[in-house]
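Please look over the sequence and the model below before reading on.

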Amino acid sequence: MIRQFSSAVCITALLVLGGCGNSESTSAASDGNDTSAATATDTQGKDIYGQYCFSCHGPGLNGAPKLGDTEAWAPRIAKGNDLMLQTTIAGITPAMPPRGLCMGCSDEELLATIIYMSGQ
């Protein structure tokens, strides 16, 4: 049933369900331990995905690549994180709203989310 939602319904659902709430960065301070920083980034990306992105990327609405669909993510990953970030910031008409509706998310938080989603 969720696959039948239009992009307008998806955006409305995100507006109702979402809210960045605390937009403070949760990234760990650099202590020379790359694993710790990577884990903090992964957690931050996962949290933002759960608040904003899952509604469309979970079921693959309107062509959104599903989380874990390596075939759908491959051409996007090949273009690099910088381009994926710029696309996320601008949005993709008519399917993806600018910043994925996370208007309180910093560019760094959006990048953490991109890294999380493309790495699944």
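Where is the place of Asn62? Asn62 sits in the loop between α2 and α3, where helices (H or I, at least four residues) and strands (E, at least two) are DSSP runs numbered from the N terminus. This is a predicted model, in which local features need pLDDT of at least 70 and side-chain atom pairs count only at pLDDT 80 or more, while totals for chains, interfaces and linings use all residues. Residues are numbered from 1 along each chain as its sequence is written, and side-chain values use heavy atoms, with hydrogens and water left out.

The protein has five helices and zero strands, and along the sequence its pattern reads α-α-α-α-α. Of its 120 residues, 31% count as buried, a term that means under 20% relative accessible area, with exposed meaning over 50% and partly exposed lying in between (1.4 Å probe, protein chains only). Among contacts (heavy atoms within 4.5 Å) with a separation of 6 or more, 62% are between residues 24 or more positions apart.

Some details of the backbone deserve attention. Most residues other than glycine have a negative phi, and most peptide bonds are trans. Asn62, although not a glycine, has a positive phi of about 50°, and this residue counts as partly exposed because its relative accessibility is 40%. Leu101 is also not a glycine and has a positive phi, near 70°; Leu101 lies in the loop between α4 and α5, and at 16% relative accessibility it counts as buried. The loop between α4 and α5 also holds Pro94, which is joined to Thr93 by a cis peptide bond with an omega of about -5°.

The cysteines come next. The structure holds one disulfide, defined here as a pair of cysteine sulfur atoms within 2.5 Å. It is formed by Cys102 and Cys105, with their sulfur atoms 1.8 Å apart, and the link of Cys102 and Cys105 is right-handed, with 65° about the S-S bond. Cys102 counts as buried because its relative accessibility is 1%, and Cys105 counts as buried because its value is 3%. Cys53, by contrast, is in no disulfide, and the nearest cysteine sulfur to it, that of Cys102, is 7.9 Å away. Cys53 also counts as buried, at 15% relative accessibility.

The last topic is the largest pocket, which contains about 590 Å³ of space. On a 1 Å grid over the protein atoms alone, a pocket is an open set of points where a 1.4 Å probe fits, with protein on both sides within 12 Å along at least five of seven lines, and lining residues have an atom within 4 Å of a point. Grid points are joined across faces, edges and corners, and a volume is the space filled by probe spheres set on the points. Of the 29 residues that line the largest pocket, His57, Pro65, Thr88, Ile92 and Met96 lie nearest its centre. At least two lining residues come from each of α2 (34-57), α3 (70-79), α4 (81-90) and α5 (107-118), and α2 supplies the largest share, five residues. The lining divides into 19 nonpolar, seven polar and three charged residues, where Ala, Val, Leu, Ile, Met, Phe, Trp, Tyr, Cys and Pro count as nonpolar, Asp, Glu, Lys and Arg as charged, and the others, Gly among them, as polar.
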